[in-house]
Each structure stands twice: as C-alpha cells, then as structure tokens.
Amino acid sequence: QHSGAAMMNKNKKGIILENVSSIILFVVCFVIIIFGAFIFIKIHIDNENENAKDFINALEAKINNLQDGETGRFSMQGVERWFLTGWGSSDSNRPDKCFFKSCICVCNGDGQNARDQCQNTKFDNCRSLSFDYVRVLEFNRVKDAEMSVKEEDVLRDISNPKYYDRLKWSSNPNEFYLLTECVNFRKNNLVEIMVYKNQSYLNILGFNEIDFAKQIYEAKCLK
C-alpha cells in the first residue's frame, strides 16, 4: 500500500510538472507573439513616418526651386491614409507646430479634423513658409465627365468663388469636379501635384479621379 501511495504521489507530481511546463510554454509563446506583433507594427509605423517625411521634404524642395510666378507639375509618392494640407500666416486655426508662420503639413488621418490630426502626428511633419497665403486643395475629377475649366486657371486663382465653393459641386453642369481642403493619399501610389507660387501666395492642387460607377465619394478634409 505504501509503495502504491508513493506511486500515485509520483504520478501526481508528474502531471503537475507537465501542466506547469505546458503553461510556461504557452506564456513564452504568447509573449513572443505579442513582442513580434509589436515589432512589426513599430517597423510599419516607422516606415510610414519616413515615407511621409520624404514626401514633405521633397515637396518643400520643389516649391523652393520654383521661380515667382512659375507653375510646377510633379508626380510624387503618396502615403496611404495620410493627407497634405496647409495654412496661411493669418489662419487662426493652424496647428501650434506652425508657430506664427504659414506652413504645409503631411499628416496621419483622413483630414476630417485636419488641425488636430496634424498637431498629433508624432514627428516633424510641417514645414514653415514665407508666403502670406497658402491654399492646398484636392481637385476631384469625375471620370469621363466633360470639363470646361482648365486646371491651371483654378490653380492660379484658387480662392475665386467661380471655382471654389466650400465642399460643394460646381454649379455649372459641364464642370464635374469637386475641390476639397486637403490632398488625401488613398493608396501608396503616385499622386499628381501642381504648385503655383508668387511673392505672397502658394497654391497647391492635388488630383484625384472619381468613378461614380465604382465608388461613392465622401468629401473629407475639414479644418
């Protein structure tokens, strides 16, 4: 009987050790998975930040290379789920990181609350500028629609109510386009950017094509 009891105790200890080993193995595997996921997310975020920083640095350089009164047209690499926007020095709602100057910013988000999303983006994502007025708009062209307006005219006279009526369709039935207050990067694709500057003004247009047969467009970019 004594040997039988000893054998039962030994078996119990073996079962307990086996269960403890299984629990330890599970915890170790769980920690490794969590750590791996954290590293993966961190690398992804770091890559996004670097790509966004490359974008704003490249755009700033292209703006500086333009002469007063000159227009430039560029294809640039966007960053999915980020947007480009800007503020003039007299815009009271610009982010604090713009200080007292005009600025352009590339920010993480959809632009629905552009000021806060730009302020909360966790790196040096804004570039201060010497212009008095800065306008950054997205020109949303409807696929296969007739166009009677020239993009260059909109770019040079960007604040004219003839072209721009806040987040509303053009009233002219032959001008199927929509101007919104920032340039959204919907995918990691090249985005077409037009820039016009003079001594006082910097105007930027980004372009997007809307296909109503495949998507319903939601106007974004609110400051």
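Guide: Two strands pair if DSSP finds at least two bridges between them. This is a predicted model, in which local features need pLDDT of at least 70, side-chain atom pairs count only at pLDDT 80 or more, and totals for chains, interfaces and linings use all residues. Residues are numbered from 1 along each chain as its sequence is written, and side-chain values use heavy atoms, with hydrogens and water left out.

Visitor: How do you know that strand 3 and strand 4 pair?

Guide: Strand 3 (residues 102–108) and strand 4 share 4 bridges in the antiparallel sense; at least two are required, so they count as paired. I104 has R127 in strand 4 as its bridge partner.

Visitor: What makes strand 4 and strand 7 edge strands?

Guide: The open sheet has 4 strands in the order 4-3-2-7, with antiparallel pairing. Strand 4 (126–129) and strand 7 (183–185) each pair on one side only. Neighbouring strands of this sheet are turned by 15° against each other on average, direction ignored; axes are lines fitted to C-alpha atoms, for helices over the stretch in contact, and angles run from 0 to 180 degrees between N-to-C directions.

Visitor: What makes a run count as one of the 3 helices or 9 strands?

Guide: Helices are DSSP runs of H or I with at least four residues, and strands are runs of E with at least two, numbered from the N terminus. The protein has 3 helices and 9 strands, in the order α-β-β-β-α-β-β-α-β-β-β-β from the N terminus on.

Visitor: How many of the contacts between residues at least 6 apart in sequence join residues at least 24 apart?

Guide: The share is 74%, where contact means heavy atoms within 4.5 Å.
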